[in-house]
Amino acid sequence: MRAIILDSDDHYRITELDEPVPGPGEVAIRTAYAGIQWGDTMVRDGHFPVPRPFVPGFEASGHVIAVGEGVDEGRVGEPVAALTTAGAYAEVVTVPAVLALPAGSVPLRTAAGFGWSTPTAYDLVHHAARVRAGESVLIHAAAGGVGTLAAQFAKLAGAGRIVGVVGSPRRADYAARFGFDQVLLRDDFPANIGDERFDVVLDPVGGRTRQAGLQALAPHGRLVAYGNIGSHEPVLADTNDLLMAGKSLVTHNSNLLSRTHPDRLADSARQALELLARGRIRIDITAEYDPQELGVAMQRLRESATNGKSILRITDRLGTSS
């Protein structure tokens, strides 16, 4: 099969590899599309050490072509949206069967955009933060995949006020399309919130933003940390101070959840996928690339030059090297 590898020189190349065979509890998928996400840039930059050459890609859509031991053979031919730890940028990828989600009526192009962002946003709102009707929610990285979906899930959960924080006026205009009551600029945070306090803060940024987020919590508020895209600087919190105000600092790690309790992640993903199929939420795919353009796609993602979700078309497109 043809696949894209990330080589030891940090370049992407298309090469020929043996087609993977599903092991026990796995399925093999003929990939139609693959989602492009921030984790791809972190792997390329060395934040997640992996042996090179490495077949990247963490989100795929396509049809099941084979099943491993213990998996219902009736799944062969099924259209799926799949979450994986590697290998989606290839003609065939193997994934745990529990994380190959029946796509149903959702088109495969949209199913590739579903990716990790959608179940992550669902879990942040419903399980980590437990957003209640009438509560106020502050969402950092509001124009990103998780941010735009978290706003939609919070709205469906009955949140009373949803405020987003973004890095530029262009991204503020984009985020405003997804149900935010107000979108603020990161350079002015936290001055631009004044005395307002929030029941929930969703923070993938870290560092000083996280410190400011803790200060911005209302009594009994919850800050959910789910990344460090802005800073790996340690954030210290005094548990006594949190206790006196009833505040909580919670973390969420979807990747870890996929390895420790994949059934929980799959359950959230199924519920989110149902909402997508019913038109209750939307995924905004704004860029589609051929495999030869993956390096360009990664650079544009790193520079925040794209809004919405970018995907890679795999079917019939794995041709010459780049």
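Reader: Hi! How much space lies in the second largest cavity?
Author: About 30 Å³. Keep in mind that this is a predicted model.

Reader: Thanks! Which residues line that second largest cavity?
Author: Its lining is made of E59, A60, A81, A82, L83, L101, A111, A112, F114 and G115.

Reader: And which helices or strands each supply at least two residues of that lining?
Author: Those are β4 (59-67), β5 (79-83) and α2 (108-114).

Reader: How does the lining of the second largest cavity split by class?
Author: Eight of its residues are nonpolar, one is polar and one is charged.

Reader: Nice. How many cavities of 30 Å³ or more does the structure hold?
Author: Two. The largest cavity has about 100 Å³ of space.

Reader: OK, what lies nearest the centre of the largest cavity?
Author: G145, T148, I283, D284 and K309 do, out of 15 residues that line the largest cavity.

Reader: Which element gives the largest share of that lining?
Author: Helix α4, with four residues.

Reader: Is the crossing left-handed or right-handed?
Author: Right-handed, as α3 passes α4.

Reader: Which residues meet there?
Author: From α3 you have S117, T118, T120, A121, Y122, L124, V125 and H126. On the α4 side they meet G145, V146, L149, A150, F153 and A154. By class, this contact of α3 with α4 has nine nonpolar residues, five polar ones and no charged ones.

Reader: Great, now pockets! How much space lies in the second largest pocket?
Author: About 200 Å³.

Reader: What lines the second largest pocket?
Author: You'll find D123, H127, R130, H252, N253, L256, L257, T260, R264, D267 and S268 there. Helices α3, α8 (254-260) and α9 (262-277) each supply at least two residues of that lining.

Reader: And how many of the second largest pocket's lining residues are charged?
Author: Four are charged, alongside five polar and two nonpolar residues.

How values were computed. Residues numbered from 1 in each chain as written. Predicted model: local features only at pLDDT ≥ 70, side-chain atom pairs only at ≥ 80, totals over all residues. Heavy atoms only, no water. Left-handed = near helix turned anticlockwise from the far one by under 90°. Contact = heavy atoms within 4.5 Å. Nonpolar A, V, L, I, M, F, W, Y, C, P; charged D, E, K, R; others polar. 1 Å grid on protein atoms, 1.4 Å probe; cavity = no way out; pocket = protein on both sides within 12 Å on 5 of 7 lines; lining within 4 Å. Points joined across faces, edges and corners; volume = space filled by probe spheres on them.
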